[in-house]
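This briefing covers the nonpolar packing and the ligand site of the structure shown here.

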Amino acid sequence: VKLFYTPTSPYARKVRVVAAEKGLGDRLELVACDLQAPDEEFLAANPAGKVPTLLGDAGQAIYDSPVICEWLDSVIGGPQLIPESGPDRWAVRRGEALADAIMDDAVTLMLERRRPEGQRNNALEQARTAAIGRCLDALEREIPAWPQLTTLAHIGAGCALGYLDLRLPDLDWRAGRLRLSEWFGDFSGRPSMRATEPS
Ligand SMILES: N[C@@H](CCC(=O)N[C@@H](CS)C(=O)NCC(=O)O)C(=O)O
């Protein structure tokens, strides 16, 4: 199984943590991508040219990160990260979506901030910052209600928070969110999280 990724992509990190938690180990071949100069094999696999993109052993391409995570969870052995049915399934999928929303807004905000002064869209930055704050507040409320196991929701949340630390530390996401801060402190010590820390 081949994974096209970049070391700092939070979506790719989510997939790498899922693979590690599933015990995929060396069977996951990591292929670092240059998104400014994507190579042909990568673009043939995913016409959108986004990481993460996975190529299965039979050459089948799988994207984007929610689909890859579900695929890994269903075809690889190891602990189940997405409950099969019942209320827990929807709590986990919703938690995953919440984490993905933080990643989407954080990437948008980071790119906007990199634009030259004068071309930056302040209204957009304010709206995305406010959305990140609301999603973090929801995580602070919801995390205690998630299944008491490692699930895809926990992995997504861990990767989203790690990305905020990397790219938007000034947002100070821990302020006023004690439970989430403590939870992240524990969760980021997992071997799967430590092995995938953005460099
Ligand atoms: N919804 C996608 C988002 C993936 C994504 O936006 N990846 C970024 C890197 S963090 C990317 O590949 N950007 C390159 C581009 O948009 O051309 C997923 O969950 O996989």
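**Packing around Leu 164**

Beyond its neighbours within four places in sequence, Leu 164 is in contact with Ile 102, Ala 106, Ile 132, Leu 136, Pro 169, Leu 171 and Trp 173. The model is predicted. The points below take the nonpolar cores first, then the ligand.

**Nonpolar cores**

- Leu 164 and Leu 72 are the residues with the most contacts inside the largest nonpolar core, which has 51 residues.
- Two or more residues of this core come from each of β1 (2-5), α1 (10-21), α3 (65-75), α4 (87-113), α5 (122-142), α6 (152-167) and α7 (178-187).
- The element that gives the most to this core is α6, with nine residues.
- Another core, of seven residues, lies apart from the largest one, and Phe 4, Val 31, Phe 42 and Val 51 are among its residues.
- In soluble globular proteins, nonpolar side chains tend to be buried together.

**Ligand surroundings**

- Ser 9, Tyr 11, Leu 35, Gly 49, Lys 50, Val 51, Pro 52, Asp 64, Ser 65 and Pro 66 surround the ligand.

- An oxygen atom of the ligand lies 3.1 Å from a polar side-chain atom of Lys 50.
- A nitrogen atom of the ligand lies 2.9 Å from a backbone N or O atom of Val 51.
- In the side chain of Asp 64, an N or O atom is 3.0 Å from a nitrogen atom of the ligand.
- On its own the ligand has 510 Å² of accessible area, of which the protein covers 71%.

Technical notes:
Residues numbered from 1 in each chain as written. Predicted model: local features only at pLDDT ≥ 70, side-chain atom pairs only at ≥ 80, totals over all residues. Heavy atoms only, no water. Core = buried A, V, L, I, M, F, W, Y, C linked by side-chain atoms within 4.5 Å. Buried < 20%, exposed > 50% of the residue type's maximum accessible area, 1.4 Å probe, protein only. Helix = DSSP H or I, 4+ residues; strand = E, 2+ residues; numbered from the N terminus. Contact = heavy atoms within 4.5 Å. Near = heavy atom within 4 Å. Polar contact = N/O pair within 3.5 Å; in protein donor to acceptor, adjacent residues only side chain to side chain. Areas by Shrake-Rupley, 256 points an atom, 1.4 Å probe, with all protein chains shown as cover.
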